[in-house]
Amino acid sequence: MQLQSKQPHIGTTIFTVMSKLANDHGALNLSQGFPNFECSPKLIELVEKYLRKGMNQYAPLSGIQPLREIIAQKTSELYGISYHPDLEVTIVSGATEALYAAITAVVQTGDEVILLEPNYDSYEPAVRLNGGIPVYVTLTPENNYQIDWSVVKAKITDKTKLILLNTPHNPTGTVMSKDDLEQLASIVKDTNIFIVSDEVYEHIIFDGHSHWSPIRYPELQKRTFVCGSFGKTFHVTGWKVGYCLAPQQLSEEFRKVHQWLTFSTVTPIQYALAEFLQEPDNYLSISQFYQEKRDKFIACIQGSRFEWIPASGSFFQCVNYSKITDENDLALAQRLTKEIGVASIPVSAFYHQKNDYKTLRFCFAKDDQTLEIAGERLSKL
């Protein structure tokens with residue numbers, strides 16, 4: 001018996017590869033995007049509280065009412081945008097599910113989807129599994145990965161169904177601006193193009209920048225699925241709890257897909273998050289926390305031969321190593337993991353043609369001791 005693969009060119013993700021290499025060689029894992037420190041003790045207490053209260057059976061398909069309500073309230077308070085908690089907010093098992101469900105809800109065979117690369121590695125497979133055709137707009141470090149919207153506009157055809165955004169951006173650490181969204185709104189006006197906006201790092205944004213989500217523009221909000229994550233915000237990536245905000249018609253189609261993927265998401269954690277979100281400082285303080293982590297990592301590599309522009313958001317810092325070696329980035333990432341014990345991600349992994357700009361991505365969501373040891377080792381190169 002032979003199985004014809006639906007993804008014949010897809011192997012193990014670079015995150016799994018580099019994390020395994022780090023484990024095999026006892027290296028500091030600054031590759032995969034997860035913290036190595038604990039979440040708030042209060043959040044743990046709340047999970048225990050709801051476990052013991054017996055909130056251990058299926059949650060509703062759309063998520064528990066208190067969590068949907070507090071997300072809608074939070075969105076209204078931060079951005080002045082109203083989402084109906086019953087009809088337009090859906091709790092899912094992680095942002096990757098939200099992204100897949102949103103893409104599946106709108107993309108049909110032959111539809112074109114614009115991807116701004118470098119981009120997170122789940123985007124393209126989700127598009128292709130739904131019969132879509134990825135159309136790439138390549139961003140480069142020469143201008144700090146800024147989007148040339150004239151190029152985006154030139155890529156749009158009568159087959160374009162979706163544009164996929166990510167802000168703050170993984171892997172580059174850039175953020176979209178008000179001007180970016182104004183140009184995007186002009187491009188999609190009077191079209192049937194949808195938007196999926198990956199905003200898992202919404203609260204991890206630095207240096208006084210604002211988070212500019214497409215929902216802040218009516219022309220964009222009506223066509224946008226926002227995919228968010230509590231894992232990144234509250235240092236609990238293993239809980240895999242995310243959400244999607246979308247207008248009612250879009251949410252209805254989103255939920256049709258969600259019900260066949262996971263149907264519902266872990267119940268006691270939803271209740272814990274709903275109560276934790278009632279105190280805004282629990283998420284509003286995250287930007288300062290991670291800005292201090294970014295600054296710590298940069299200080300620790302200050303004496304190195306790497307070059308960088310400080311990340312404006314996310315918990316990743318990209319560095320250029322062209323003054324150190326002319327190796328390709330994958331080879332260097334593997335060698336540094338084995339030889340000096342610091343694992344990173346080669347940014348070429350985020351390009352469909354593996355473009356090598358001599359850039360590595362380091363995750364600074366680590367305790368200070370880890371960052372200091374990593375910086376000491378990297379500074380000797």
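Helices (H or I, at least four residues) and strands (E, at least two) are DSSP runs, numbered from the N terminus. The stretch 28-378 is the one that an unreviewed UniProt entry annotates as "domain: Aminotransferase class I/classII large"; UniProt positions are given in the numbering used here, feature names are shortened, and annotations may be inferred rather than shown by experiment. The model is a predicted one, in which local features need pLDDT of at least 70 and side-chain atom pairs count only at pLDDT 80 or more, while totals for chains, interfaces and linings use all residues. Residues are numbered from 1 along each chain as its sequence is written, and side-chain values use heavy atoms, with hydrogens and water left out.

Pockets come next. A pocket is an open set of points, on a 1 Å grid over the protein atoms alone, where a 1.4 Å probe fits and protein lies on both sides within 12 Å along at least five of seven lines; lining residues have an atom within 4 Å of a point. Grid points are joined across faces, edges and corners, and a volume is the space filled by probe spheres set on the points. The largest pocket holds about 740 Å³ of space. Its lining has 27 residues, and those closest to the centre are His 9, Ile 10, Asp 121, Glu 124 and Lys 354. Strand β3 (112-117) and helix α5 (123-129) each supply at least two lining residues, with α5 giving the largest share, four residues. By class, this lining has 13 nonpolar, eight polar and six charged residues (Ala, Val, Leu, Ile, Met, Phe, Trp, Tyr, Cys and Pro count as nonpolar, Asp, Glu, Lys and Arg as charged, and the others, Gly among them, as polar).

The second largest pocket has a volume of about 520 Å³. Of its 26 lining residues, Gly 33, Thr 96, Tyr 120, Lys 232 and Lys 240 are the closest to its centre. Two or more residues come from each of α4 (95-106) and α9 (230-233), and the largest share, three residues, belongs to α4. This second lining divides into 10 nonpolar, 11 polar and five charged residues.

Turning to the rings, those of Phe, Tyr and Trp (its six-membered ring) pair if their centres lie within 6.5 Å; planes under 30 degrees apart count as stacked, over 60 as edge-to-face and the rest as tilted. The count by this rule is 20 aromatic pairs. Phe 225 and Phe 254 have ring centres 6.4 Å apart and planes at 35 degrees, so this pair is tilted. Phe 225 lies in strand β7 (residues 224-229) and Phe 254 in helix α10 (residues 248-261), so the pair ties together parts that are 29 residues apart in sequence. Phe 225 counts as buried at 0% relative accessibility, and Phe 254 is likewise buried at 0% (buried means under 20% relative accessible area, exposed over 50%, partly exposed in between, with a 1.4 Å probe and protein chains only).

Tyr 290 and Phe 315 form another tilted pair, at 5.3 Å centre to centre and 50 degrees between the planes. Ring pairs also link Phe 37, Tyr 201, Phe 289, Tyr 290, Phe 315 and Phe 316 into a cluster.
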